[in-house]
Amino acid sequence: MSLGEFLLVAVLAVPAFGALAVAAIPRDLPARVAGTVAAALTLVAALALAVDRSGTWTAYSATPPAVRPWHALDVAWVPGLDLRFHLGVDGISWPLVVLTALLTLLCCGYTCWRVPAGGSGRALVALLLVVEVGILGTFLALDLVLFFLFFEVVLLPMYAIIVGWGGDGTDPAAVAARRRAARKFALYTLFGSVLLLVGVYVVVAAAGTADIVALTGGTGLSRGTQLAAFTLLAVAFAVKSPLWPLHSWLPDAHTQAPTVGSVLLAGVLLKMGTYGLIRVAVGVAPEGARWAAPVLGVLAVAAILIGSLVCLAQTELKRLIAYSSVGHMGFVLLGIATLTATGIQAALIGNVAHGIITGLLFFLAGAIKDRAHTGALRELSGLRETAPRLSGLLAFAAVASLGLPGLAGFWGEAFAVVAAVEVGGTLWITLAVLAALGGALTAAYLLRLLRQVTHGRPSAAVAGLKPGLAGAELAAWAPLVLLALAVGLAPTLVLGVAEAPVTALVEVLR
Amino acid sequence: MSRVQSVDSVALLPAYLAAGTAVLALLVDLVLARRAATIVAAATGALATIVAAVAVGAGGERRTFCVGADCSYVFGGRAALVAGLVALLVLGVLALSGPLLRDGVTPVGEFCFLLACSMTGGVVLGAAGDLITLIVAVEALTLPLYILVGLRRGSLASAEAAVTFFVVSVVATTLTLLGAALLYAVTGSLHLERLGAILADRSELLDLPLTTVAVTLVLAGLAFKVAAVPFHAWAPATYDGAPLPVAAYLSTASKLGGVVALLAVVQHALPLSVAGPVLAVVAALTMTVGNLVALRQRRTVRLLAWSSVAQAGYILAPLGALALADVDARSAAYAAALAYAVFFVLLELAAFAGVVALRPAGADGGHLDDLRGAARRHPWVGAGLAFALIGLAGLPPGLAGLFAKVTVVRSLLGGDAAWLALLVALNAVIGLAYYLRFAALLYTPADSAPAGDAPAVPIRPARVVAAALAVATAIAVIVGFAPQLVLDLAGS
């Protein structure tokens with residue numbers, strides 16, 4: 001077993017065994033610490049994946065495959081179902097793998113410090129680690145059936161996190177609300193993943209293999225198969241991403257989930273949809289992608305505009321941030337819909353930036369709600385008078401989210417618009433203009449958020465706040481703040497590794 | 001050609017052992033009259049049957065009771081799988097019956113005897129090579145159940161359930177027999193393989209209305225046994241009225257028997273151009289109706305009953321693709337149906353074991369609310385039940401159930417029945433709604449329930465039931481990680 005194969009297995013095995021260990025350790029705090037250690041080791045393994053990349057070796061052959069993993073592991077599992085345990089990492093998946101490992105570590109560390117009301121801390125840490133296994137597996141899978149399998153793993157642990165630790169209060173109405181939100185999440189997501197299952201086997205039945213490396217480029221699939229497969233896969237991923245009008249599970253789930261749940265949901269869970277769209281739907285059925293691109297583009301821009309307009313009318317902090325995800329993911333989807341190198345690059349960096357910034361925003365929103373015991377914007381004002389540091393961080397995150405140049409959010413949104421302009425034609429120019437307008441609306445609602453929460457006279461809920469921040473909070477937030485700056489100033493952190501695979505992918509799209 | 005038929009007793013060994021178990025249980029009860037001894041005798045017999053089925057099945061296909069090339073008893077890989085599985089399920093049901101038999105109301109000897117008789121039917125069923133053997137085996141499997149369902153003495157629901165089951169089942173058998181007779185009238189043959197060959201050779205027979213009627217009657221009669229819509233109405237009432245272990249047996253071994261019988265006639269005998277579309281419609285209706293009605297159930301066993309109706313739809317679904325499929329896709333469809341059935345009975349048995357463990361000894365399934373918070377009081381048993389339910393819904397961590405669904409969808413898409421695959425997929429979403437509600441209920445804190453709902457006496461799960469749950473869960477976990485084991489067996 002080479003080092004790369006070992007690391008690939010380790011990235012999945014460490015959190016999986018970590019979850020088992022956490023469940024087996026009877027005492028609460030040691031278990032949570034053990035879980036955090038497992039998450040830290042996972043991050044180390046994920047970072048190490050980038051060392052000793054050998055992605056160019058296949059370039060020697062006459063027709064190099066469009067997916068050239070740095071490391072790959074390919075073992076037969078269930079031949080009767082065309083399922084192989086085929087993992088691999090390349091420049092498209094690696095940033096997301098690292099982001100997942102990082103956010104899980106931060107969430108586990110945060111849980112060491114504070115456990116949301118509702119259940120035991122160690123069960124929460126164990127579930128977080130299981131969710132991590134599912135997400136990482138989805139990003140690493142190079143077999144369609146395996147991809148589907150990991151896609152499904154996330155569902156129930158996340159449901160349990162929302163039901164068990166989410167919401168505010170224990171009165172029957174709050175309990176019913178969070179249960180409803182969790183059910184909606186579970187059923188919507190399952191709806192998406194069963195379509196994924198059908199789509200996967202439409203491809204497998206036609207091509208006779210489930211190997212993503214072999215399938216990328218759509219070779220050997222008829223036009224009809226590609227259209228059917230792309231439709232099924234795109235709807236499946238549109239539910240997860242989420243793309244308007246299939247987004248309605250998102251605001252409820254994100255609002256009701258506990259802070260760490262929201263961070264993971266918004267930070268990386270949504271990326272499974274956009275990643276799947278790039279790697280599976282577009283990669284395997286490019287002809288279907290070209291056919292559906294205008295529809296996808298229109299829906300993406302609709303998501304941007306509708307998401308922003310709804311945000312302008314929101315009165316609750318977490319719900320506003322949740323809805324802002326709809327708009328941000330709209331930019332990502334617009335980038336993918338252009339099917340150009342620029343657009344897909346924009347989508348990838350937009351993915352990562354949204355994960356960092358929205359993760360941070362949900363952490364901050366959770367901190368504010370924990371302190372002020374309310375999330376209603378009307379009852380929050382003057383935060384900078386009583387808690388200047390918290391308010392400063394919120395301002396930083398909001399400004400990053402609205403896409404200020406120099407911060408992470410800028411690149412994805414700007415270049416999605418640029419890519420749409422580059423495609424040309426009336427439709428895409430119009431879409432670009434509307435998306436840019438949506439960008440302006442994004443700025444409007446985030447500035448409105450800042451005006452209401454940080455400025456003005458301290459409200460009753462805010463007046464009694466202490467200015468200090470806990471060490472655990474700083475430890476959880478600092479990496480995200482630094483990354484938002486780093487990716488903003490040096491987007492090549494993400495784009496450098498993604499350039500080669502994206503170029504290879506776009507080549508087979510033509 | 002010798003006048004005396006040579007009988008291959010090795011091929012019949014599992015059936016001898018199963019029948020011997022019934023006699024043994026009766027004798028032990030008569031001679032020793034000790035509860036434990038009878039149960040141990042029956043369990044030992046079931047265990048011996050499993051061993052014999054595996055041993056004989058490993059030695060390649062054996063045929064006996066042959067007339068020329070046609071044999072009435074063919075013990076191959078699939079027969080071994082069915083025989084072993086039925087015996088295993090009997091073993092599991094015996095374990096589940098522990099608390100029921102301890103209360104002294106249920107006659108132990110009769111219970112074990114009847115269960116073993118039913119097992120004999122199941123063991124022979126997989127090997128049946130002609131329609132008469134098949135129908136007799138199905139009847140041997142079902143007949144003892146009429147009594148077992150009504151065994152809860154002094155319970156009106158139990159008696160009602162038994163009568164419903166009896167009447168419906170007898171009608172179903174009549175239909176199947178009539179169909180078999182008509183098929184014989186058309187073709188002059190009863191052996192399954194010969195029937196298939198005749199119908200394939202002389203395609204003018206297919207145009208006879210009589211053939212269509214005969215095929216439909218055979219299928220309808222067997223559809224009763226698997227509780228497929230529109231022949232399902234007996235199942236919820238019967239399951240709910242029967243003692244819990246018997247309900248478990250009905251929804252696992254008895255259903256498996258129906259599936260195997262259907263598979264046998266469809267695979268070997270019936271013309272697929274007629275049977276395929278009928279089965280496709282039946283499967284589509286069964287899963288949809290079963291799932292939609294299950295959504296509204298408030299009683300535990302009724303929920304499990306309706307969900308098992310829906311599951312029968314998934315089992316039949318691959319067969320719905322038969323009319324259009326080519327040879328490869330057909331054998332994949334048979335294997336998929338059987339594989340799904342195997343995954344399903346394991347999880348269903350685990351689910352029933354969980355319910356039995358969490359209910360007072362000898363009680364019925366009760367209301368869903370009676371199980372509220374049960375997993376908090378009994379974490380291991382509750383987790384086992386939740387695992388089984390999640391598996392039935394077809395989601396990780398219940399990988400066995402997930403692979404079962406995957407198998408079905410794959411075979412449907414391989415056989416060009418995309419609409420049915422999509423329907424299976426969408427039904428899985430409906431299914432999740434109630435399985436999830438049930439599983440989540442187990443973890444809901446009991447204090448949020450209205451006061452007075454909590455059981456007065458704390459329930460201690462019986463050890464033997466918990467052991468059965470553990471074993472079933474362990475097997476489900478193993479085949480979840482290595483589904484190829486089941487797929488290989490089902491495809492052989």
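A: One term before we start: two strands pair if DSSP finds at least two bridges between them. Also, this is a predicted model.

Q: OK, strands, then. Which residue in strand 2 of chain A is the bridge partner of A:Ala76?
A: A:Arg84 is that partner.

Q: How many bridges join strand 1 and strand 2 of chain A?
A: Seven, between strand 1 (residues 71–78) and strand 2 (residues 83–89) of chain A. The two strands run antiparallel.

Q: What do strand 1 and strand 2 of chain A form?
A: A hairpin, with four residues between the strands. In the turn, A:Asp82 has a positive phi of about 60°.

Q: New topic. How many residues does each chain put into the contact between A and B?
A: Chain A gives 22 residues and chain B gives 25 residues.

Q: Which helices of chain A each supply at least two residues to that side?
A: Helix 5 (144–153), helix 6 (155–165) and helix 7 (172–207) of chain A. Helix 7 of chain A has the largest share, with 13 residues.

Q: What classes of residue are on the side of chain A that touches chain B?
A: There are 19 nonpolar, one polar and two charged residues.

Q: Back to helix 6 and helix 7 of chain A. At what angle do they pack?
A: About 170°, with their axes 8 Å apart. Therefore helix 6 of chain A is roughly antiparallel to helix 7 of chain A, as angles over 145 degrees count that way.

Q: Is that crossing of helix 6 and helix 7 of chain A left-handed or right-handed?
A: Right-handed. The residues in contact include A:Tyr159 and A:Ile162 of helix 6 of chain A, and A:Phe185 and A:Leu190 of helix 7 of chain A. By class, the contact has ten nonpolar, one polar and two charged residues.

Q: Now chain B. How do helix 3 and helix 5 of chain B pack?
A: Helix 3 (residues 77–96) and helix 5 (residues 108–125) of chain B meet at about 160°, with axes 8 Å apart. So helix 3 of chain B is roughly antiparallel to helix 5 of chain B. Their crossing is right-handed.

Q: Which residues make that contact?
A: Among them are B:Val86 and B:Val90 of helix 3 of chain B, and B:Met119 and B:Gly122 of helix 5 of chain B. The contact has eleven nonpolar residues, one polar and no charged.

Q: Last one: A:Glu507. Buried or exposed?
A: A:Glu507 is exposed, because it has 12 other C-beta atoms within 10 Å, and 12 or fewer counts as exposed. A:Glu507 sits in helix 21 (residues 492–509) of chain A.

Q: How far is A:Glu507 from A:Ala66?
A: They are 441 residues apart in sequence, but 7.9 Å apart in space, C-alpha to C-alpha.

How values were computed. Residues are numbered from 1 along each chain as its sequence is written. Chains are lettered from A and ligands numbered from 1 in the order in which they are written. This is a predicted model: local features need pLDDT of at least 70, side-chain atom pairs count only at pLDDT 80 or more; totals for chains, interfaces and linings use all residues. Axes are lines fitted to C-alpha atoms, for helices over the stretch in contact, and angles run from 0 to 180 degrees between N-to-C directions. Angles under 35 degrees count as roughly parallel, over 145 as roughly antiparallel, 65 to 115 as roughly perpendicular and the rest as oblique. A crossing is left-handed if the near helix is turned anticlockwise from the far one by less than a right angle, and right-handed if clockwise. Two residues are in contact if their C-beta atoms, placed from the backbone, lie within 7 Å. Ala, Val, Leu, Ile, Met, Phe, Trp, Tyr, Cys and Pro count as nonpolar, Asp, Glu, Lys and Arg as charged, and the others, Gly among them, as polar. A residue is buried if 20 or more other C-beta atoms lie within 10 Å of its own, exposed if 12 or fewer, and partly exposed in between; C-beta atoms are placed from the backbone.
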